[in-house]
Amino acid sequence: MTESSSLSAAERNAWQVVSSLDEIAASRRVATVLFGEPITVAREDGAAVARRADGAAMPTIERYGYVWASVGAPEGDLFPLPEFAEPDRRNLHGATIGVRVSAPRAIENFLDMGHFPFVHTGILGEEPHTEVKDYDVEVSAERDEVLATGCLFYQPMAAASAKAGIEVEYVYRVPHPFCSVLYKSSPAAPGRQDVIALFLQPVGEEQVRAHMLLSLIDDVSSDADLRNFQQTIFAQDKPILENQVPKRLPLDPRAETPIRADKSAIAYRRWLSAKGVGYGVIPARG
């Protein structure tokens, strides 16, 4: 039995990221893995196509600078990301980085502001500014997503274009079990938000390829500077992620003791449970 044969409908029939468009532009054919199964991704007759090891074509779409495929039969389009179409944004593929952790664990880390002063010291946080102020979390049945708003945190260097420390307002959005979108105050455009998305490709139950989309308002920094800033942050997160115990995300509320700052993570775990997601998690006990 293959890993994909035991997936729930929420996983089997969803779109999953499998490559950046940059990656297939640089190579005729990309060999990768989705849910433990080897696949290839290439451009054929102008369109991106993902194929299984037996050569059979999979449902495939191109969205937001990435190739998405499904091991099942997706019924709709991918979640909306309207900011990507705004003409003054810099839309960049930040990086694709392999990480030995489950996709849900990586999403939970992305939602966590409490580690900023200790892991991203001098960039996303610093002592004594360690308090995670209260914020609001909504689980929307209509939009089928988790949304955390009113997230405020002092950051010495909020972006590559930052000139001084500011209190940054964050919005965290989880519109897909293995994807999260972060909106944060843009130092270059007061009143608007930069967008950073983490699209996780579940290679295995405890291994991902993390694809980073940058959709930024910045007409000063070079592409290399923008990428280097985000890659530096992710490089600080990677050893933390790979040393998580367990690597899969426990969904039982008794498994790990939450604090007030973990409201978004708690909502995310409940949302995964309600959707029946079982890949990369430790299900709650009955």
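Before anything else, I wrote down what I count as a polar contact: a pair of N or O atoms within 3.5 Å, where within protein one must be able to donate a hydrogen and the other to accept it, and residues adjacent in sequence count only if both atoms are side-chain atoms. I also noted that this is a predicted model, in which local features need pLDDT of at least 70 and side-chain atom pairs count only at pLDDT 80 or more, while totals for chains, interfaces and linings use all residues. Residues are numbered from 1 along each chain as its sequence is written, and side-chain values use heavy atoms, with hydrogens and water left out.

**Entry on Ser 102**

With that rule in hand, I found a polar atom of the Ser 102 side chain 3.1 Å from the backbone oxygen of Gly 280. The Ser 102 side chain also reaches the backbone nitrogen of Arg 105, at 3.2 Å. I placed Ser 102 in the loop between strand E7 (90-99) and helix H3 (103-111); helices (H or I, at least four residues) and strands (E, at least two) are DSSP runs, numbered from the N terminus. Is Ser 102 buried or exposed? Its relative accessible area is 0%, so I call Ser 102 buried (under 20% relative accessible area, with a 1.4 Å probe and protein chains only). Leaving out residues up to four places away in sequence, I listed what Ser 102 touches (heavy atoms within 4.5 Å), including Glu 205, Val 208, Lys 247 and Gly 280.

**Entry on the strands**

Next I followed strand E11 (residues 179-185), where six of the seven residues are buried. E11 runs antiparallel to strand E12 (residues 193-204), and seven bridges join them.

Then I turned to an open sheet of three strands, ordered E2-E3-E4 with antiparallel pairing (two strands pair if DSSP finds at least two bridges between them). Strand E2 (29-34) and strand E4 (47-52) are the edges, each pairing on one side only. Between E2 and strand E3 (residues 37-44) I read six bridges, and Arg 29 is partnered there with Ala 42 of E3.

**Entry on helix H6**

Last, I checked H6 (residues 263-275): its 13 residues reach 18 Å from first C-alpha to last, close to the expected 18 Å (1.5 Å times one less than its number of residues). Among its buried residues are Tyr 268, Arg 269 and Trp 271. Just after H6, I noted that Gly 276 takes a positive phi of about 80 degrees.

Methods: Buried < 20%, exposed > 50% of the residue type's maximum accessible area, 1.4 Å probe, protein only.
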